[in-house]
Amino acid sequence: MDQRIRKIVIVGGGTAGWMAAAAFARAFGAGARSIRLVESEEIGRVGVGEATIPPINTFNSMLGIDENDFVRKTQGTFKLGIEFVNWTRLGHRYLHPFGEFGIDIEAVKFHQVWHKLHSRGEAADISEYCVPAVACRMNRFARTDPDPRSVLSRLKYAFHFDASLYAAYLRGYAEARGVQRHEGEIVEVQRRADGFIEAVKLASGERIEGELFIDCSGFRGLLIEQTLAAGYEDWSRWLPCDRAAAVQCASGGEFTPYTRATAHKAGWQWRIPLQHRTGNGYVFCSRYLSDDEAIATLLGNLDGQALMDPKILKFTGGMRRKAWIKNVVALGLASGFMEPLESTSIHLVQAGITRLLALFPDRDFNQREIDEYNKLMTSQYERIRDFIILHYHATERRDSPFWEYCGTMPIPETLAHKIELFRRRGRLFQHEYELFVDANWVAVLLGQNIVPESWDPLVDALDERALRQKLEQIRGAIRITVDGMPTHRAFIDRNCAAQVN
Ligand SMILES: Cc1cc2nc3c(=O)[nH]c(=O)nc-3n(C[C@H](O)[C@H](O)[C@H](O)COP(=O)(O)OP(=O)(O)OC[C@H]3O[C@@H](n4cnc5c(N)ncnc54)[C@H](O)[C@@H]3O)c2cc1C
């Protein structure tokens, strides 16, 4: 008997819903399956989520979209990393760039070699050996060069974009490939005797039947939580921020090729430069700060005039115990949320879609495949969680009760182990399913002043004079390459400037 799924219903038309619609339309082609998406303009979207990380390029390639067109239509800019201000201590700043530091030397990791020389005053700051870091500092941009011999092959990039334009862009893409959109509020979820979802009913009375339901309904989790009671793993003891005040403002001067994350008294503020405006938000902990105080700090730290009244968003850091139950797969905020410090939420939507396509079910919904999906997503969430906690915990700040709490809170054992291995001899080991690789951890560990006591003994087997020369060579080659790159603005003007309205 033909068990293939023919009717897919996506509940929600935020970033998650339209990413799923676009990906399914592309993967299955028009006609083979009906893909329907329900959204309610009255309920609306979360409306934030404007900074991404490099794997989004894989998603764009999968969709086959033209990057310049995409940047132009979303008022986008390029992102080479994140600048962290006041995290380690007040007045301190460091970069988490998207790319490698130097190159490994005879199978010894670059940061190990660098650490030995740097501890003797014989090497510059580690960021000088990283193309995107130097480019950020000089406000330059160029795309990755696929030739592995090129210095630019060591640079990765992502995007900043306008969240509502991104959803509109994906909607256009999906509808052009046969996805049907239904406007209206879902007021009833109908289930079969075995608990599987059969249909959703709109306020208009329209009934939409499906075989596979993708829950992209945002924080409420209309199907996964309100109907199937998945349960929530609450991580707020490690990720204490539970609110954000968000506001858009006029651009102030140059747009930087990086996001800025500035730590304040009880959280941090994002600054995301777009072509037509700047996105800002203060992510904070309501135990230590009121909404009014957060808004006042936010408005006092903008590049330009506020373009709207700030809005407050509430959340709890954590994830659904299961993102896939029966014939419902939750994506986006419906599946969990970790605050946007490392811009990982849109990536988690992408990861969910990719895994779902790899384990795409038949109507028999094999439980082993469902379990595998949940296991993979949980691992990915937990590894990202640890990386974000690191930023809060590894701080010298004790100037407010919030930072006192973060600096002294117990942390997950998996993270404690990782920090101690690094602290001893700079060692890092990659977990399966880990999004962030050695270079990401090195940037944040060193940036937050966790300096290894020693280095890998293999470094001592290498000729020191040759190492010094090699490091100088790398630094010089990076400097020459970045000098030859256009400014971020010039690159955009030449390739993907949005039309002025
Ligand atoms: C403060 C903050 C900052 C963020 N910053 C970033 C960032 O920089 N980078 C990043 O990657 N991510 C970020 N995120 C996360 C990102 O915004 C989300 O992951 C992304 O927008 C996906 O949201 P969503 O589509 O899951 O939910 P939503 O945008 O909330 O969409 C939910 C959809 O469901 C529909 N819906 C709900 N109930 C019903 C119903 N009953 N009937 C019909 N339709 C319904 C709504 O109409 C809407 O279309 C941030 C999130 C927050 C809260």
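What percentage of the 501 residues in the protein do buried residues make up? Buried residues make up 58% of them, where buried means under 20% relative accessible area, exposed over 50% and partly exposed in between, with a 1.4 Å probe and protein chains only.

1. Basis of the note. This is a predicted model, in which local features need pLDDT of at least 70 and side-chain atom pairs count only at pLDDT 80 or more, while totals for chains, interfaces and linings use all residues. Residues are numbered from 1 along each chain as its sequence is written, and side-chain values use heavy atoms, with hydrogens and water left out.

2. Overall build. The protein contains 14 helices and 21 strands, these being DSSP runs numbered from the N terminus (helices: H or I, at least four residues; strands: E, at least two). Its radius of gyration is 23 Å, close to the 23 Å that the globule rule gives for 501 residues, so the protein is as compact as a globular protein of that length; the radius is taken over C-alpha atoms, and the rule is 2.2 Å times the number of residues to the power 0.38. The C-alpha trace spans about 75 × 50 × 50 Å along the principal axes.

3. Of the contacts between residues at least 6 apart in sequence, 76% join residues at least 24 apart, a contact meaning heavy atoms within 4.5 Å. The accessible surface comes to about 20,400 Å², and 48% of it belongs to carbon and sulfur atoms, as computed by the Shrake-Rupley method with a 1.4 Å probe. There are 62 positive and 63 negative side chains, with the centres of the two sets 1 Å apart; Lys and Arg count as positive and Asp and Glu as negative, whereas His and the chain ends are not counted, and each charge is placed at NZ of Lys, CZ of Arg, CG of Asp or CD of Glu.

4. Strand β2 and its partners. Five of the six residues of β2 (residues 34-39) are buried, so this strand is largely enclosed by the rest of the structure. β2 pairs in the parallel sense with β1 (residues 7-11) over five bridges, where two strands pair if DSSP finds at least two bridges between them, and Lys7 has Ser34 of β2 as its bridge partner. β2 also pairs in the parallel sense with β7 (residues 180-183), over four bridges, and here the bridge partner of Arg36 is Gln180.

5. A three-stranded sheet. An open sheet has the order β12-β18-β21, with antiparallel pairing; its edge strands, β12 (232-234) and β21 (336-337), each pair on one side only. The antiparallel pairing of β12 with β18 (residues 318-320) runs over three bridges, and Glu233 has Met319 in β18 as its bridge partner.

6. Positive phi values. Most residues other than glycine have a negative phi. Glu106, in the loop between β5 (93-97) and α4 (110-119), has a positive phi near 45 degrees and counts as exposed at 66% relative accessibility. Asn139, in the loop between α5 (131-138) and β6 (158-160), has a positive phi near 60 degrees, but counts as buried at 17% relative accessibility.

7. The segment after α14. Ala497 is found in the segment after α14 (488-495) and is partly exposed, with a relative accessible area of 31%. Leaving aside residues up to four places away in sequence, Ala497 touches Arg72, Gln275 and Ile492. Ala497 and Leu228 are 269 residues apart in sequence and, C-alpha to C-alpha, 45 Å apart in space.
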